[in-house]
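Please read it alongside the sequence and the model.

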Amino acid sequence: MRTNDTVRAIGHCGQCEQCEHCSARSQSICSVIDQRDLHQLALHSQRIEIPSGRCFIEEGETARDFFIVTDGHAKLFNLLPDGRRQITGFADCGQFLGLASIENYAFSAEALTPLRVCRFSHVGMSLLKTQFPALERRLLEEASSELVRAQARMLLLGRKTARERLASFLLERQEVAPRSDVLILPMTRTDIADYLGLTIETVSRTLNAFRRDKLIEIDHITSIKLLNLTEIRLLSDGEGF
């Protein structure tokens, strides 16, 4: 992490209280640690606040830490030799970052909104895994999920049409808040186009087509309401109209 990132250290007792009331706890790897043991979790973690637009993981840097997103949104990307960015994913509350990194980070991560993360050193995580065997199993589950996401992305970029890609993207975002039919999109249309391997014009044109077909309602540039989730799923699978 860059030295000019905003870092606010929290005392051990305060960090333990933060862990107890953390909104990401039920969704993250921390869910396997009992409440009575949260002081051990707090001992090996640090709560960090990162302003919007700031990178907190740099591709190619030594991978010394893991991160759990506890509030806000981030985008993950790789830099091409000519300086262009290829967005490879978006990180939301509860997501664990850095698991696949052995010596160096394989991607960069930038805050899309004001972001809060918990940072764990590799040494601290190793100690926690030794103390809590369930954490090791939970990390394996996380690694499996990461592999599934990578395979889905290969299919999205390799075989799907523009309509199918955008439908798949809407379903991905719906998984972030599955009980709501309103998607909050913290990323720009350019970010979406980059992620889907499309032009921004194609993204805008396809969204407008979805709106005409009464699949979605565009309330705002950052807010989309899903009107026909069943048809969007069929479209994502290549079975829609």
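Strand β3 (residues 65-71) is largely enclosed by the rest of the structure, because 6 of its 7 residues are buried. Buried means under 20% relative accessible area, exposed over 50%, and partly exposed in between, with a 1.4 Å probe and protein chains only. The model is predicted: local features need pLDDT of at least 70, side-chain atom pairs count only at pLDDT 80 or more, and totals for chains, interfaces and linings use all residues. Residues are numbered from 1 along each chain as its sequence is written, and side-chain values use heavy atoms, with hydrogens and water left out.

**Strand β3 and its partners**

- Helices (H or I, at least four residues) and strands (E, at least two) are DSSP runs, numbered from the N terminus; two strands pair if DSSP finds at least two bridges between them.
- β3 runs antiparallel to strand β8 (residues 115-121), and 6 bridges join the two.
- Within this pairing, Ile 68 has Cys 118 of β8 as its bridge partner, and Val 69 stands opposite Val 117 in β8.
- β3 is also joined to strand β6 (residues 96-97), by 2 bridges and again in the antiparallel sense.
- Here Ile 68 stands opposite Phe 96 in β6.
- β8 is likewise antiparallel to strand β1 (residues 45-50), with 6 bridges between them; in this pairing Arg 119 of β8 is the bridge partner of Gln 46.

**Open sheet β2-β7-β4-β5**

- Four strands form an open sheet in the order β2-β7-β4-β5, with antiparallel pairing.
- β2 (55-57) and β5 are the edge strands, each pairing on one side only.
- From one strand to the next, the twist averages 35°; axes are lines fitted to C-alpha atoms, for helices over the stretch in contact, and angles run from 0 to 180 degrees between N-to-C directions.
- The antiparallel pairing of β2 with strand β7 (residues 108-111) extends over 2 bridges, and Ile 57 stands opposite Ala 109 in β7.

**Open sheet β9-β11-β10**

- An open sheet of 3 strands has the order β9-β11-β10, and its pairing is antiparallel.
- β9 (182-184) and β10 (216-220) stand at the edges with a single partner strand each, so one side of each has no neighbour in the sheet.
- Neighbouring strands in this sheet are turned against each other by 25° on average, direction ignored.
- β9 pairs with strand β11 (residues 223-226) in the antiparallel sense over 3 bridges, and Val 182 stands opposite Lys 225 in β11.

**Nonpolar core**

- A nonpolar core is a set of buried Ala, Val, Leu, Ile, Met, Phe, Trp, Tyr and Cys residues joined through side-chain atoms within 4.5 Å.
- The largest such core has 28 residues, and those with the most contacts inside it are Phe 169, Leu 170, Ile 192, Leu 196, Phe 210 and Ile 216.
- At least two residues of this core come from each of β5 (85-91), α5 (162-176), α6 (189-196), α7 (200-212), β11 and α8 (229-236).
- With 5 residues, α5 gives the most to this core.

- Cys 30 is in no disulfide; its nearest cysteine sulfur, that of Cys 118, is 6.6 Å away.
- Cys 30 is buried at a relative accessible area of 10%, and Cys 118 is buried at 6%.

**Aromatic rings**

- The structure holds 5 aromatic pairs; rings of Phe, Tyr and Trp (its six-membered ring) pair if their centres lie within 6.5 Å, and planes under 30 degrees apart count as stacked, over 60 as edge-to-face and the rest as tilted.
- One aromatic cluster is formed by Phe 90, Phe 169 and Tyr 195.
- Arg 85 lies over the face of Phe 77, 4.1 Å from the ring centre; a charge sits over a ring if NZ of Lys or CZ of Arg is within 6 Å of the ring centre and within 35 degrees of the ring normal.

**Exposed residues**

- Arg 205 lies in helix α7 and is exposed, with a relative accessible area of 51%.
- Arg 205 and Ala 162 are 43 residues apart in sequence and 10.0 Å apart in space, C-alpha to C-alpha.
- Lys 214 lies in the loop between α7 and β10 and counts as exposed at 62% relative accessibility.
- Lys 214 has a positive phi of about 60° although it is not a glycine.
- Most residues other than glycine have a negative phi.

Key. A disulfide is a pair of cysteine sulfur atoms within 2.5 Å.
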